[in-house]
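Trainee: I would like a close look at a single part of this model. Please take one side chain and its surroundings, then go on to other places for contrast.

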Amino acid sequence: MIAPAVNRLGGAFLECPRTLRRARELGLTGWASYVAGRGGALGDVRPDTVAAALGLIAPEAVRDGWDAARRALSPREVAAHMLAECCRWGSEHLDDAPKIDRLVELAEKAVLAADASGLPLFAAWRAMPVPDDGPGARAAVALHLLREHRAGALLLGVRAAGLSPVQALVAGPEGEAAAVAFGWQPPYPPIGPLLRRRAWADAVADRISGQSLAALSTPDRTDLTTLLRTTITTTFPH
């Protein structure tokens, strides 16, 4: 399974201190840059549209971040800046990763093969123009796109499992901390009755996101898995 490695590598730039510093330079809070940085690929749409695409974040929290960002920049501009930060992070951390060109080749092939049906945020991000930077930047962007694809697939799984967003969050690996981070207020539902449905939703997400690997041969899929593990180890040694 490549989901944990994709999630960590594809989202690392969002937590990078330089990315957060750049957001402040643009007049954005960390939350506004996160919401508009992800949702801004959709364009200047209504907050409820962004909330629907992001899926697991409380609508009021989305509206707060979206409206705050729009007072500084257009949503597309915020997304473009976040894409630039993704490229910057990739250049700094992945350019010298082992067999980075091979990782780029396989990850980009998976991104292009991925079915975007029902995944508007992934489709919007994939349509954004990518700067013609080096292999580290290209790898970071491809992994971010695969991360958005998996996030959208999880949302489909959550809804198919009959879970509300807050139920899915509290039954996930981060528990109530995820619900707090995504703007949901307590009291939270008991976790026990939700675990089986959350596991089923994760299995659906794995199945959907795994379809993007169908364009790769079995040896290529093995290579991609190995390269992701190696890249995780060399990028985050501790």
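Mentor: In this predicted model, a polar atom of the His 149 side chain lies 3.2 Å from the backbone oxygen of Asp 115. His 149 is in helix 9 and has a relative accessibility of 1%. Because buried means under 20%, His 149 counts as buried. Leaving aside residues up to four places away in sequence, His 149 touches Ala 114, Asp 115, Leu 119, Phe 122, Ile 208 and Ser 209.

Helix 4 spans residues 47-54, and its buried residues are Pro 47, Val 50, Ala 51, Ala 53 and Leu 54. Seen down the helix 4 axis, these fall within an arc of 165 degrees, so they line one face of the helix. In general, an α-helix has 3.6 residues a turn, so residues three or four places apart point the same way. After helix 4 comes Gly 55, with a positive phi near 85 degrees.

For contrast, Pro 193 sits in the loop between helix 11 (176-181) and helix 12 (195-210). Its relative accessibility is 62%, so Pro 193 counts as exposed. The C-alpha atoms of Pro 193 and Ala 171 are 9.0 Å apart in space, and the two residues are 22 apart in sequence.

Key. Residues numbered from 1 in each chain as written. Predicted model: local features only at pLDDT ≥ 70, side-chain atom pairs only at ≥ 80, totals over all residues. Heavy atoms only, no water. Helix = DSSP H or I, 4+ residues; strand = E, 2+ residues; numbered from the N terminus. Buried < 20%, exposed > 50% of the residue type's maximum accessible area, 1.4 Å probe, protein only. Arc of directions from axis to C-beta. Polar contact = N/O pair within 3.5 Å; in protein donor to acceptor, adjacent residues only side chain to side chain. Contact = heavy atoms within 4.5 Å.
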